[in-house]
Amino acid sequence: MIFSLLPDRLAGGVRMLLIASTAMGSIGPAHADTIPPPDIETQNRTTVRAAFEKWRAGGNIFAELLAPDVVWTIHGSGTYRGVEDFVERASAPLISRLATPLVPRVHHIWADGDTVIVRFDGSATTTSGAPYRNKFVWIFLMKNGAVVEAEAFLDLATYHAVVDNNEPRSQ
């Protein structure tokens with residue numbers, strides 16, 4: 001009697017597996033046209049890392065990394081609209097008072113979806129020969145591989161000391 005029930009139980013189990021696999025097979029095609037998005041975090045992190053490596057090697061990253069209409073906020077200082085506004089009113093006052101290029105040293109780059117956070121130090125020599133060292137955290141909102149919004153945190157007292165106490169380079 002036990003032997004006669006075993007084939008029935010196996011047959012019932014096989015039948016259930018066939019029904020389940022048929023049901024799963026009918027669900028599969030409905031999801032087949034739903035393609036998972038590419039790993040945007042990896043793409044964004046790679047884009048930002050490459051830009052910082054280029055910067056460290058002496059290149060200009062702003063033209064490539066920033067969207068032309070970027071909105072850049074330096075907390076405690078102001079908001080700049082567009083690359084030109086940011087470069088003219090935030091970057092140039094500092095860079096023009098440095099005798100050597102500002103060289104970044106990245107500590108870490110984090111990415112979460114379209115948000116990328118970069119923690120880095122920057123160092124250079126001012127036009128008066130003094131060292132300039134600052135610590136930065138930049139938070140980027142990225143769209144299509146470009147920064148559309150940026151928030152910057154840095155030691156503004158150190159920034160202003162360089163701008164206020166050093167003559168701009170002669171162009």
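Start with Trp138. Keep in mind that this is a predicted model. What does Trp138 touch, once neighbours within four places in sequence are left aside? Phe52, Trp55, Phe62, Trp72, Val116, Ile117, Val118, Phe120, Glu151 and Ala152.

Now the core. The largest nonpolar core has 36 residues. Trp138 is among those with the most contacts inside it, along with Val48, Trp72 and Phe140. Which strand gives the most to this core? That is β5, with five residues.

Strand β1 covers residues 66-74, and strand β2 covers 78-81. They pair in the antiparallel sense, over four bridges. Trp72 has Tyr80 in β2 as its bridge partner. Three residues sit between the strands of this hairpin. Look at Gly76 there: its phi is positive, near 90°.

Next, helix α5, residues 156-165. Which of its residues are buried? Leu156, Tyr159, Val162 and Val163 are. Viewed down the axis of α5, the buried residues fall within an arc of 130°, so they line one face of the helix. Turn to the face pointing away from that buried side. There you find the exposed residues Ala157, Asp164 and Asn165.

What covers the buried residues of α5? The cover includes β1 again, plus α4 (83-95), β5 (131-143) and β6 (146-154).

A side-chain oxygen of Asp155 comes to within 3.1 Å of the backbone nitrogen of Ala157.

That's my tour. Thanks.

How values were computed: Residues numbered from 1 in each chain as written. Predicted model: local features only at pLDDT ≥ 70, side-chain atom pairs only at ≥ 80, totals over all residues. Heavy atoms only, no water. Pairing = 2+ DSSP bridges. Helix = DSSP H or I, 4+ residues; strand = E, 2+ residues; numbered from the N terminus. Buried < 20%, exposed > 50% of the residue type's maximum accessible area, 1.4 Å probe, protein only. Arc of directions from axis to C-beta. Contact = heavy atoms within 4.5 Å. Polar contact = N/O pair within 3.5 Å; in protein donor to acceptor, adjacent residues only side chain to side chain. Core = buried A, V, L, I, M, F, W, Y, C linked by side-chain atoms within 4.5 Å.
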